[in-house]
Amino acid sequence: MAENASNIRSKAKALLSLHSWSGIVLGMLLYAVIFTGTVAVIADEIGEWSNSNYPKNLLMTTDVNETVNHLAEITPDEYLDEISVYENDRQQLVYFFHTHKLNPNGDMDEFGFQYKVSPEGEIITQQQGFGSDLFAQDDTYALSRFLVSIHTELHIPSPWGLILTGILGLAMLIASVSGFMMHRHLFTDMFSIRKQRDGKSLKRDSHTVAGTWSIPFAILLAFTGSFFSFSDSFGLPAMGIVAFGGDQEALMHTLVGEQQHKSEVPKDSANLTLMIADAAKRQSAVPAFISISHFATESASLLTFFMPNEGEVGFEQLVYDATNGDFIEYKPLVGTVPSAGSAILSLIYPIHYGTFAGLFSKIIWVGLGIATCYVTITGLQLYAHRNEKGEQHWRWFSRLCTWGFLGLPLCSLSSASGFFISENLALNQSVWTPLSFLIAAAVVTILTLAIKNIALLSNVLLASNGLFCLLLPFIRFFSSGVSWIDAIQYHMVSMMFIECMLLACSALCFYRLYKSVQMTKKDTIIDNPTLSTQEAAQ
Amino acid sequence: MNTSYLHFFKNRRFWLSGPATLLVSLFIMFAMAVWFPPGVGNVNNIMMPLIMFPLIWALLFFYTYLTTDLRKAQWLLVILFIINSLILTFQFLG
């Protein structure tokens, strides 16, 4: 009996040690990935907000068939292999006529002509290049792309960034599973912030409560996140080596579900606009993008891709025979027929990014993301607090925590400001967005080194965050001229949502600043009773 | 640097739960591409190992980290390593 109790105690101790170390060793990077992941959940909304825009459903309201035929005439035949079409955040349709070939990095990439077309069918820009380069230089997505890329690969060159975020996912899995296993009173811990507690005890209770609520979410995100990172970085190529003897093209054909040998005999295509309308009618939604394969040949087909729709969690793909306009099938995400692998895969993305119920599920995901950020922050602060008492030199850890926790949001806000200001000055937004982040990071680092008092440093960074959150809606307004009245008039929900979030964050920052100043005043009075007596007398 | 920070390198559990578990999990994932039924869609043997990799790793990690019988855990990893290595060897050379 005694041996059993001792065994349980030793396992509990081992779990606590594992929970602490998994959080501490990679805690700061984990916070960066979780914070930017919370932002990535609303990346589409940030894209619309940063361009002061709203989707005009151009795939439905313009004559895609006519435009494709016109562009096909001016594009070399070799790029008619595949044509992708989507609406960008500047109310333009982007047509990319491409084929596939190796890019200078040695990766299989799309290569061809990209046309940006206005709603009236006028070509605004025309560029030739690799798909990855064209997307990386597209100013429309400069802000959302930059923020999402921190989340997915921390801006570290491929595949190392993905491998690192995969390892961080596993560390998060360890921290959350060990946190779950440590709980002896799971339901009590969900509500137990003890009264008359402050400082470290309050922080510990807050860490436990926020952690308990977000455990299922954290496990789910850690699992799906590490799947994304590992499969993209080395998993898929490794599967190609084992299952297809290294033939990566055969692997891609199996996954995409495409026949390897297609007829290239010329044949007129049916009306694409009618096929898109039919797909939209079947799904009661507008496709996110369409892809036309082997245009104007006997093998021509059209794929329409839909984001999760009402009552559905996964993506939907409808395929049409583009030679006669007949609907062929609901195509699985991978392979040619429905399978367990495809079903699970189509669930992973919506679960990871909370896209399964529109803005409603995204708000819940953002809330849980903030809770997980809070758990990481309080976890590291608890560790810093514990070591600070024993050893003075551990104060650098508290300073590092303040630098990271308040610095990262400030740098992200600064990158958004850089995006708007560079647009006004007609500068390259794809360059100035990350550059603004780096400039802010340098300033935050200098402040962290220069301000000796950590409480003062924290207050300065908090005030800066609050100020940026307050100013950004105004900067956006002066940049685009689109006001809240316009936003209401054109149902620009994403724009209003992001600006409400910014104003709420600003209010929260200033409230925390007020509480912090109050706390400092209280501590000064306690430390200096003579002063308090004098103040009382006054 | 204080050498007390590096004591875990001498710990057998560190090597079992760390590098050994990672290596065995990777081998299981690769070998699954060979023996997992591909299904009618012919993609399950590619997708399922990728999806299951974090779960396999977590399961082996927590087992090797929490077990009191390290010898048993060590043999389990050795057996899994040998079986999956043999499957991969037959796939490439067989």
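1. A polar contact here is a pair of N or O atoms within 3.5 Å; within protein, one atom must be able to donate a hydrogen and the other to accept it. By that rule, three residue pairs are in polar contact across the interface of chain B and chain A, both residues of each pair being at pLDDT 80 or more. The model is a predicted one, and the points below should be read with that in mind.

2. The side of chain B that touches chain A draws at least two residues from each of helix 1 (12-35), helix 2 (44-66) and helix 3 (70-93) of chain B. Helix 2 of chain B gives the largest share of that side, 17 residues. In total, 30 residues of chain B and 39 residues of chain A take part in the contact.

3. About 2900 Å² is buried between chain B and chain A, and 85% of this area is on carbon and sulfur atoms.

4. Met181(A) belongs to helix 7 (residues 160-182) of chain A. Leaving aside residues up to four places away in sequence, Met181(A) touches Leu15(A) in chain A, and Phe62(B) and Leu66(B) in chain B. Its relative accessibility is 38%, so Met181(A) counts as partly exposed. The C-alpha atoms of Met181(A) and Leu16(A) are 9.4 Å apart, although 165 residues separate the two in sequence.

5. Over all chains, the structure holds four salt bridges. One of them joins Lys362(A) to Glu45(A), with the closest N and O atoms 3.0 Å apart. This pair links distant parts of the chain: Lys362(A) sits in helix 13 (residues 358-390) of chain A and Glu45(A) in helix 2 (residues 43-50) of chain A, 317 residues apart. Lys362(A) has a relative accessible area of 6% and is therefore buried. Glu45(A), at 8%, is buried too. The cut-off for a buried residue is under 20% relative accessible area.

6. A salt bridge is also found between Arg476(A) and Glu499(A), whose closest N and O atoms are 2.7 Å apart. Arg476(A) lies in helix 16 (residues 454-480) of chain A and Glu499(A) in helix 18 (residues 493-527) of chain A, so the pair ties together parts 23 residues apart in sequence. Both Arg476(A) and Glu499(A) are buried.

7. Helix 16 of chain A also contains Asn465(A). With a relative accessible area of 4%, Asn465(A) is buried. Beyond residues up to four places away in sequence, Asn465(A) touches Leu406(A), Pro409(A), Leu410(A), Leu413(A) and Cys509(A).

8. Helix 11 of chain A covers residues 272-283, and its length can be checked. Twelve residues at 1.5 Å a residue should span 16 Å, and the end C-alpha atoms are 17 Å apart, which agrees. The expected span uses one less than the number of residues.

9. The buried residues of helix 11 of chain A are Leu272(A), Met275(A), Ile276(A), Ala279(A), Ala280(A) and Gln283(A). Viewed down the axis of helix 11 of chain A, these residues fall within an arc of 135°, so they line one face of the helix. Leu274(A) and Lys281(A), on the other side of helix 11 of chain A, are exposed. The cover over the buried residues includes helix 3 (58-61), helix 4 (64-74), strand 5 (289-293), strand 6 (301-306), strand 7 (316-321) and strand 8 (326-330) of chain A.

10. Asp278(A) is partly exposed at a relative accessible area of 27%, and Arg282(A) is partly exposed at 39%.

11. The ends of helix 11 of chain A deserve a brief remark. At the start of the helix, a side-chain oxygen of Asn271(A) comes within 2.9 Å of the backbone nitrogen of Thr273(A). Just after the helix, Ser284(A) takes a positive phi of about 55°.

Terms used
Residues numbered from 1 in each chain as written. Chains lettered and ligands numbered in written order. Predicted model: local features only at pLDDT ≥ 70, side-chain atom pairs only at ≥ 80, totals over all residues. Heavy atoms only, no water. Helix = DSSP H or I, 4+ residues; strand = E, 2+ residues; numbered from the N terminus. Buried < 20%, exposed > 50% of the residue type's maximum accessible area, 1.4 Å probe, protein only. Arc of directions from axis to C-beta. Contact = heavy atoms within 4.5 Å. Buried area = accessible area lost by both parts, 1.4 Å probe. Salt bridge = Lys/Arg side-chain N within 4 Å of Asp/Glu carboxyl O.
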